[in-house]
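Hi,

Here is the model we talked about, followed by my notes on what turned up in it. Have a look whenever you get a minute.

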Amino acid sequence: MAPNGGTYFFILIVACTALAKPLDVMPADKTAFRDIAKKLMMKCHHKGYPVPKMPLKSVLSNSVLPTDNRTADQANSFLSTFLDVLNSVTVGTNRDTVSQLPMEASDEMMWNCSNLPATIKMMGNSSEPSACYMKAFVAPMSWAALTTQGEGDINSSDYDTLVWAAKPVLQDIPSARMNLPPIAGGGNIEKMMEMLQEVYEPMTDDQRTQVLNWAKEQITQNHFNCTMKPPSDAKSMLIDRCKPSLKWLDLDALTMMGPYLSHLAPEDVDSSPKEKLCEFFHSAQFNSNITRANKMSPSLGKKFLQRIQECFSGKEFPEHVDKLGPLACYYDAPDLTPDLSKKLLSQLDVCDNPTMPKLKKRLVKSMMSNSSSTQTLHDLGTSINLLSPEQLSAIPADNLKDVLRSLGDNVTWTRSQLCILVKKQLSDKKCNEVSGEELMALQSTAAGLPSCVLKNIKSQDILTDREALKNISKQMSKGQLNAMLQGLRGKVNLSELVQKLPAPLLQRVSLASLAKANITSLEQVENQTWSRSQALYLAKKMHDLKQLQYRRLHSVLQGLTCNMIDKVADNNTLDMVQAVTETPQWLSKVQAGCAARKLFITLEQKRANYFKTITEQELDRIPTPLLLYLPPLKVKGLPDSVCSVLLDKMETANLSSLPLRAPSRPALTQRALLCLTNGKDLSGLTTADALKLGPFLCEMAPSQLRLMTADVMKFSLQIMASCQHIPQHHRADLIQLVSQTFGNPSDWPSQTMESLGPLVLLDDNATSALPNKPWMKDVLAFLRSRLTNTSDALKKKIFDLTIATVSNTARKKRAAQSDNKGTSNGNESGVNATEPTEALIEELGMENIYWTPAQLHMMSNSTFLATVEILGRIPGYSAEQLDVLRKKAIETFGPVPQMTESVVMQLGCITQGFSNADLEKLPLSLDTLEEVAHCGWKHSQMESVWKGVVKYNNLTAQQLGAADMVTLNQFICGLSSNEISKLSVDAFKDAVGSMDGIQCPFKVMQDFKNRAVSAFGNPKTWSEAQVSDLDTIIAGLNATEMVSLDPSVFPFLSQCCVAQIPPDNFAKLSVAQLEALGPDNAEMVTSKQRAVLKENQLAALEKASIGSPYEPRNSTVPQSGAPQLSVEGIGAVMKPFLFLLMGFLLL
């Protein structure tokens, strides 16, 4: 019987490849080739593609194709490599390996191919899924051919074919992106850049810059016979250096760069002839290339924009603003017509400059000047939220409804806007008069509904449209979600309800309700997004039902406990850890550490000294997130033979799941350096080596960086500016090294600050000392958008620069006026004299916290009225600032008894400035409280606010339902001990999971703990799910109760809770309990708590902090054991060849 179509095709492909005519270069490292091929084949396997079934040996031995230089051994060599890689990928899932299957050698004459490009073309015409494995096998061969083979040996057609076949390597193998062809002459550079554009997205910024520099060098060498490389580069000595004035960035170069344009240096833009740059701007390629580009730096964006503006007269340019893309972020727009305003506004969605709201507001005003039609509102897009409440009130309700439907949940509104929009669409309907249809029409503005409306919603009206339900719930507060859940529960079966709820609502379902939902199978939970406490409950449920299928758990993985992980059978451990690490976003550091410990213990039971004798294949099977936990002594013992796999894993590792103080961080860094240097000193490292370190470059000590050559050290420092984390103890020396290498940051030009600024911003003093240069504010705002955390020093610096800009402008204006009048006023008070204006307050946002009381006093009442909601959102005002703002509020809105709910809502955190007596008089609805809970209230203030709420809402503690308790938020701390004891136990059980983060005095927490005991029983019986649900209420346990908690629940304490435990109670915790805290919780321990611990307790806390499953913190970081493997890029590791059979045999 002849093979079926898929089998037949695959036989043909592999036979052709094996019999292809060899080139005169040989592969240098079969191991490297195997690694890449295996990674690519693994993707085919994960996509579920069937394994090819082809009896290749018979095909090769019986083939009637030419047999020049071909022997049986050659065929066997090829087959053994291909089949070995294929079977290593599919082991355990493919009972019939390909080498075991019979075949018939019919139709052999059809296999008429003579080289790899011909074979690749045949693969390209196939839609057969099994061909994926062969494509994966030839991809690294094709890339190696392109990166090392002389171009004269590859014709144009074959070059196209090899580029197409090699693409998977660049998509999935990061190190290959740095090993670009040394020469790409003629039209080949365009072909290569076309493919590199297709793999732009998965690249890092550093890799994109490398591609840009490579393309630049190819262009200058091919077309201008000169080089841009520095004189220190040995290769540059063979060719003249390009003149600085060279106009190399012509139309062809601009076009082929594609999105890599965003990585040009500003001076590169000056290398573009004006007529060519103008022609490029008018072409279709400009818009497609520029919109795909990564966010441009301010210096490059402004330079690009300046050069493009030179293509037009002043009045012509605004007609073309709809083509600017990200360049629009730097356009200082004049007053524009409504039509041009619409064009420019459409380009600004990607901009996050501090001045953008001001420009957008001006454009919106222009667009609304002639019309408020439905089309105009659609044209505003998400900028519709820049309309004032008054403007929104004037828009016809039907127009609003249509626009809101199209925007979905993409718009964020202020509380005042929400109130207007809801009232506009529902008029004065009472709480029980709003239908499900009307609720759905509100879309994201449903977040403005009072809780009473949501409690009265009928489930049958809205549960049928899950997407709309998701849109209306996405921006709701916790109190609103709980109120809506109360309404939805109505007459609907809980089991049915949890299947239909979107994530925001689902995560508000209490554990008590979940227990009644009749969940009996994994199918009911696997595709939902659960909260951590829900996941803990459900994981235990699935465990008891013996349905813990790890690959299907998804968000339920949050609920895996170390006890569950430890109970996994040894023969299932590897499958378990590989499954759970496929979705690492759901694993905590504690869970990752437990999974790593289980894996390492299981592996070491296989044979003695497992990690000292581990093979490449064995190391490759260990998931990278868990390998990061390998103890230092075991890292040190890894054999040199696994360096290639180790480096591959380290290059792409995500260190966010690893404790910051984990001893494996420096150990792995040192081991990688030994792999890269072959045991020699660090002066032998190359820039490619630095990239291979991946995030572990960020772990290198400045003393190690100093041992590199000057060029590699500079390159490494530039890469480190993108680090997510740099060890605290390295930072001072690192900043000193940066200053020594690149000069004093105060003297840097904008481009240097853009690339290295994140390193300077690690130090608060260095940040504060940055000069007030004209470009500094824009650069710091640009850098801020790329930082994970923003320091107070940076926020204050941006504030100072913003104010200084306004002060300087005002000073110049006054000076000009003085010159005209012939008088001078020498009393200049600088920044401190700046008056807070509406424009400044809008630009500063949360940084308005830095205004001095004197400056706030200068603010006009009209400015206060226009910006009160912005000022009211800011927590943390000083008593002096609050006193000034309180007076402004009374001057603007009148005395407290005259203030309305709407006014109080706008005042927000400013209400903290009122006396306790005034707080009791404020018209505070429950819904208003949730908006101001984050402000940082004193306990006496919370007591007064609660009293005011009781009076204004005619409410008692006994009447509080679950949604009401959640809506009270921090203000529930204002209840008296007697009132807390009267809270409904059932309502408390439903509410407590959403009362996370409340911070009350210890005595109040004790009262809530007593309520928790009434609801859930004795604390020693509390489960992990209940402890997670109770959150900070756990801090109300007394010492005896705290000690009675099982150690297994301690990883699931909230971080807020840990810091609130009184030191005397914390001191009673056992060693086992402290060890179980985990890294994140251990880092929250306060100095007062730490001070009362004994030596053995401190050691346990240290073990929890570093997350080490085996070894103490003082484990020796390996300093020797030099590896013998030299690791280079893909092409250097594996020389290319097109004739696979001959290539293997001629090694």
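The torsion about the S-S bond of cysteine 698 and cysteine 723 is about -90°, so this disulfide is left-handed. A disulfide here is a pair of cysteine sulfur atoms within 2.5 Å, and these two sulfurs sit 2.0 Å apart. Cysteine 698 is in the loop between α38 (687–692) and α39 (702–705) and cysteine 723 in the loop between α40 (710–720) and α41 (728–742), so the bond ties together parts 25 residues apart in sequence. Helices (H or I, at least four residues) and strands (E, at least two) are DSSP runs, numbered from the N terminus. Cysteine 698 has a relative accessible area of 8% and is buried; cysteine 723, at 18%, counts as buried as well. Buried means under 20% relative accessible area, exposed over 50%, and partly exposed in between (1.4 Å probe, protein chains only).

Before going on, the ground rules: this is a predicted model, where local features need pLDDT of at least 70 and side-chain atom pairs count only at pLDDT 80 or more, while totals for chains, interfaces and linings use all residues. Residues are numbered from 1 along each chain as its sequence is written, and side-chain values use heavy atoms, with hydrogens and water left out.

By the disulfide rule, the count comes to 10. Another left-handed one links cysteine 909 and cysteine 935, with -80° about the S-S bond and an S to S distance of 1.9 Å. Both of these cysteines are buried. The disulfide of cysteine 226 and cysteine 242 has a torsion of about 95°, so that one is right-handed. Cysteine 1056, on the other hand, is in no disulfide: the nearest cysteine sulfur, from cysteine 1057, is 8.7 Å away. With a relative accessible area of 38%, cysteine 1056 is partly exposed.

Lys274, Leu277 and Phe281 of α12 meet Phe304, Arg307 and Ile308 of α14, contact meaning heavy atoms within 4.5 Å.

Cheers
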